[in-house]
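Please look over the sequence and the structure before reading on.

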Amino acid sequence: MTNAVSISGLVKNFGSVRALDGFDMTVLAGEVHGFLGPNGAGKSTTIRVLLGLLRRDAGEIDLLGGDPWRDAVALHRRLAYVPDEVKLWPTLTGGEVIDLMGKLRGGLDPARRAEMLDRFKLDPTKKCGTYSKGNRQKVAIVAAFSSDVELFLLDEPTSGLDPLMVMAFRETVTEARREGRTVVLSSHIFADVEALCDRITIIRQGKTVQAGTLDELRHLTRTLIEVETEKAVEDLDKLPGVHAIQIEGLQASFQVDSDEIDRVLRHLVQFGVKSLHSAPPSLEELFMRHYGDDVSRQEAAEKRGTL
Amino acid sequence: MPTAISIFGLVKNFGSTRALDAFDMTVWDNEVHGFLGPNGAGKSTTIRVLLGLLRRDAGEIDLLGGDPWRDAVALHRRLAYVPDDVKLWPTLTGGEVIDLMGKLRGGLDPARRAEMLDRFKLDPTKKCGTYSKGNRQKVAIVAAFASDVELFLLDEPTSGLDPLMVMAFRETVTEARREGRTVVLSSHIFADVEALCDRITIIRQGKTVQAGTLDELRHLTRTLIEVETERTVDDLEKLPGVHAVEREGLQTSFQVDSDEIDRVLRHLVQFGVKSLHSAPPSLEELFMRHYGDEVSEQKKPEEA
Amino acid sequence: MSQAFTGTLALTWVAISRDRIQLPVWILAVAAFMVAVVSIWNGDLSQEELVSVAQFYGVQPAVRMFGLASGATLGAYIMSRGFVVFAVLVAVMSILFVVRHTRQDEDTGRAELIGSASVGRHANLASAFIVVVGANVLLAVLIGLILTFKGLPVASSFAAGAAFAGIGIFFAGLAGLAAQLAGTSRGATGLALAGLGLAFVVAGIGNILGRVDEAGVRVVSAWPAWLSPVGWGQQMRAFEEDHWSLLGLFAFSFLVLAAGAVFLETRRDTGKGLLPERRGPSAASPGLLSPVGLVWRLQRGVFLSWAVGVGLFGIVVGAVSADLEAMLDELEGFDEIFERIGGTDVIVDAAFVTFMGILALVITIYAVQGLLRMRAEESDGPAESVMATAVSRRQWVTSYILNIALGTAALFLIVGLTVGVTAGIVMGDVAAWAADLVVAGLVHIPAAWVVAGAVVLAFGLFPRRTALLAWMVFVIAAVTGPFIGAMLDLPEWIQNISPFIHVPAVPGESVTAAPIVGLLGMAVLLTGAGLLAFRRRDIDVTSV
């Protein structure tokens, strides 16, 4: 499979601050690639370097076969960008901005434009100055996905969208993928990433800390089981591969290695299972593993109490 | 239990558009109440009516024992609000804005302010004009939670926050609840609502379509089970309470009524369970049940 | 109801601390302008000369549009000549600040945040009124002191200040009302400015339709003047009759407007206006769909108002040219100044050179402002999205440079044409005057472009300091230039810094190619260097 984006050893300094510190990322052609990290970790800087808006200090980048700084204009005909905080011209209408961005990108499919306006329930006759945050976001999304491009760079595209619009967005990305296009999706919303992404990259302090498919990332991990039984569960700790057992009356919760699930279930049904919640680690948990030390112990305790 | 907010038959028109159409909502004292609905359903309008920024056309509202329009000023000393799209004064610093809002609300705890600034990693010496969306959001959150008030009205407070800040926010809300305060949380992020809320209200086209605890809402529903076994699972359909069975080789997925789970598990373990994913319906699924028809014209996106 | 104003005081402090820079700058700028104007017009005018200037405003009906003749005294002369300009400045200040603290806060959602605190419904409006009325009172006192200090009668000096403050306060009230009616802050500002325009025209019509006394130095205005707050201010006739009682009319009308605004504020929903929202096209016209088209669309409104402004000014300058000739003949001293600045002893030519020189500076402001928009789009606007499309940086900057350079050139053409054609109509021989003055306008283009080129260079090299550097360049070019530089008698080598000094003094002198080619070369060099620097640097966004 060919790479849409391959970055290796990318370095970018702002004055004395090193925003990207030997960052690596590979996006395969035709995939939806999740790009995760808290604010300030270097996500937006990476995207701006890919757009040729910032000049890299070191590192190799291959973007659709070209160099993002040198070949910016030619490459920009083949990609569309949805920025984090969408800023528009207050005196132009949403429809005008969509047409303008499409034209500047090198063309726009009118049928697709109409379909997208309808899907996102966007009124194109309103001036951008009167749009809410969510509506400005929609203008950028409609403008991007009405263009016939190979690669979409999306920086927090669903922030500000309501659940129905998030559904519309997911549908749009899924369609684009089916048509063979590549999507890089930077997002704080784990649910979106879990629903859409084939592979993910997690960035921390300008470095790649994890990359791979969600299944790969989960593979080495344990499943969390929460179970409510008719009789108190006994002897769980004697089973192999069972960890972190907490029993409160008839409620039990514990972690189990993925290859020991069957033995554990056989054990559990002896006690009359009333309800069972079993799930592989969520993306949120995978993510927090890399950022755990940023969250104080107190907060971690808090989290356990609320989940 | 006493109520912090009770709304009954609330109507609000904008010209010929009916934004709220006999909307009802009850928020108990000292609970975290989730308020769900897409944009345009009437969430922000409800909050603005509660803040006395909009005048209701009909309906009864009791907000902390007062009337939101008539007693606005007195009530606002006892509540704090975090707006959706926070805009601040570009020439004032974040710290100045926090102090100002505290002052206007009737006081602010300096120790709490310092603690919140630290928790949210916010630099109060920067001008608001240079803050990102997320940082503006943090200013509003810090200003709200540094005040000693009874009720918090939060409109999409986590939009624009990164996951670490979302954790800090959840911690802050949990603390407020433990201290006996009441929180109304309007949010599009189901994960936040599931993590924090005792009860929820779902609004659609200005009407209440569902209200209750998450458990109550889930109670009548089925659990989805996805299982991978060593041998093909047989005879599932013959068990009572099992629905929508789908098989693909050794992968089986089906729904089961909550009181039949045990029997089904006993059946499943005969086939050698390799992996099992069992979860009650998520809030997203509960929500989409009320809004399914709005997305049905379009094909549903493929589940990943 | 009493609670509806809770928090007014606290919000007043917020407003003051927000405006701790802007408001004093406005007030001091107006005061400084007053000092400058009084110093220039203070020349030792004899009684005959005062009579002749009073007659200038009294006898010519068209000139009455811009001033009310009110006797042959120095104070009356300053009032008739400067009143409208200062009235407009003060009114615009009031409108901008009231809208900024009311409607703009609603547009941005800040009013909602404030409204959720323990603050009454009208507190924001009331605090805006307090701040702006206070600013006007302060300005009135300052103007009174300035005029007194210049040796004019004390009571009349303060009456003059009060007349301006009255107008400012009236328009504060009108802006408060407009903020309730319009759906956006732009709409509210537009509505209030339209009211100001109407007030100006109505007062002017009242004066034009009025009668002049036998000596030709005092005009009794017709009734329309009494329909306009600008008219009321003129009818106070500071330095003649000092009708203090007219302040009551200002106070009463302000209270009515303010009460109306408060009433409408209880009737409407926060964030919404009473007038319906305007819609726009749902698709772009082909003209918009290029970088150049986009910048033109963004700049169009600004350009058109500038075109109308300089065009009107050109017509006025052209129309008074005949009288100017007659008047200057009688005024000792003025011809010397004009000669020194204009470089010619043909008085009318010298006067035109002076006017063109001043207008060149004013038009250069258009160029600087227009180019600074580029930086605003980069730091806090959609420029990033545009440059993420198939638009190169060169193309993006060039689209601005092209728009601004051509717009600036067009403004010079408009000024030359309007002055030339009207002067031609007044003095005969339209073709010759028009040709002369179009050339007189166009020769300034390269100098304005040099300043513009320096702005592009600043933008390319120091994005975060662009605005500061741009205005510094402008101020240096203006101060060392032919108008102020000659007035201040600066050494020649300092005057040579300004590009404007190298502009041929047309119509006095003939056009020579060397300086024009030199200035053009300089402009191209600066612009090119700026472009090169911009193409090599990072895009710099303010919000982090």
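**Strands, interfaces and confidence**

Author: In strand S5 (residues 79-82) of chain A, A:Leu79 and A:Tyr81 point one way, A:Ala80 and A:Val82 point the other way, and all are buried. Buried means that 20 or more other C-beta atoms lie within 10 Å of a residue's own, exposed that 12 or fewer do, and partly exposed in between, with C-beta atoms placed from the backbone. Strands (E, at least two residues) and helices (H or I, at least four) are DSSP runs numbered from the N terminus. This is a predicted model, in which local features need pLDDT of at least 70, side-chain atom pairs count only at pLDDT 80 or more, and totals for chains, interfaces and linings use all residues. Residues are numbered from 1 along each chain as its sequence is written, while chains are lettered from A and ligands numbered from 1 in the order in which they are written.

Reader: Which residue in S6(A) does A:Ala80 stand opposite?

Author: S5(A) and strand S6 (residues 151-155) of chain A run parallel and are joined by 4 bridges. Two strands pair if DSSP finds at least two bridges between them. Within S6(A), the residue opposite A:Ala80 is A:Phe152.

Reader: How many Å separate the centres of domain 1 and domain 2 of chain A?

Author: Chain A is divided into domain 1 (3-218) and domain 2 (222-279), with bounds from an automatic or database domain assignment. Taken over C-alpha atoms, the separation of the two centres is 42 Å.

Reader: What percentage of the residues of chain A count as buried?

Author: Chain A has 11 helices and 13 strands, and its C-alpha atoms fill a box of roughly 70 × 45 × 40 Å along the principal axes. Contacts are counted where two C-beta atoms, placed from the backbone, lie within 7 Å. Among contacts in chain A between residues at least 6 apart in sequence, those joining residues at least 24 apart make up 71%. Of its 307 residues, the buried share is 51%.

Reader: What is the buried share of chain B?

Author: Chain B has 10 helices and 13 strands, and its C-alpha atoms occupy a box of roughly 70 × 45 × 40 Å along the principal axes. Of the contacts in chain B with a separation of 6 or more, 70% are between residues 24 or more positions apart. Among the 304 residues of chain B, the buried share is 48%.

Reader: Why does B:Ile7 count as buried?

Author: B:Ile7 is found in strand S1 (residues 3-14) of chain B. Beyond its neighbours within four places in sequence, B:Ile7 is in contact with B:Phe23, B:Asp24, B:Met25, B:Gly59 and B:Ile61. B:Ile7 is buried because the number of other C-beta atoms within 10 Å is 24.

Reader: Which element gives the most to the side of chain A that touches chain B?

Author: In this interface, 47 residues of chain A are in contact with 45 residues of chain B. Elements of chain A that each supply at least two residues to this side include helix H5 (133-145), helix H6 (163-178) and strand S13 (273-279). The residues on this side divide into 19 nonpolar, 13 polar and 15 charged, where Ala, Val, Leu, Ile, Met, Phe, Trp, Tyr, Cys and Pro count as nonpolar, Asp, Glu, Lys and Arg as charged, and the others, Gly among them, as polar. The element that gives the most, with 7 residues, is S13(A).

Reader: And which element gives the most to the side of chain C that touches chain B?

Author: Here 23 residues of chain C are in contact with 24 residues of chain B. Two or more residues come from each of helix H1 (8-18) and helix H7 (110-115) of chain C. By class, this side of chain C has 7 nonpolar, 12 polar and 4 charged residues. With 5 residues, the element that gives the most is H7(C).

Reader: Where in chain A does pLDDT stay under 50?

Author: pLDDT is the predictor's confidence in each residue, from 0 to 100. The mean for chain A is 86, with 91% of its residues at 70 or more. Where pLDDT is low, the predicted coordinates should not be read in detail. The stretch of chain A under 50, for which the model has 14 contacts beyond four places in sequence, is residues 295-307.
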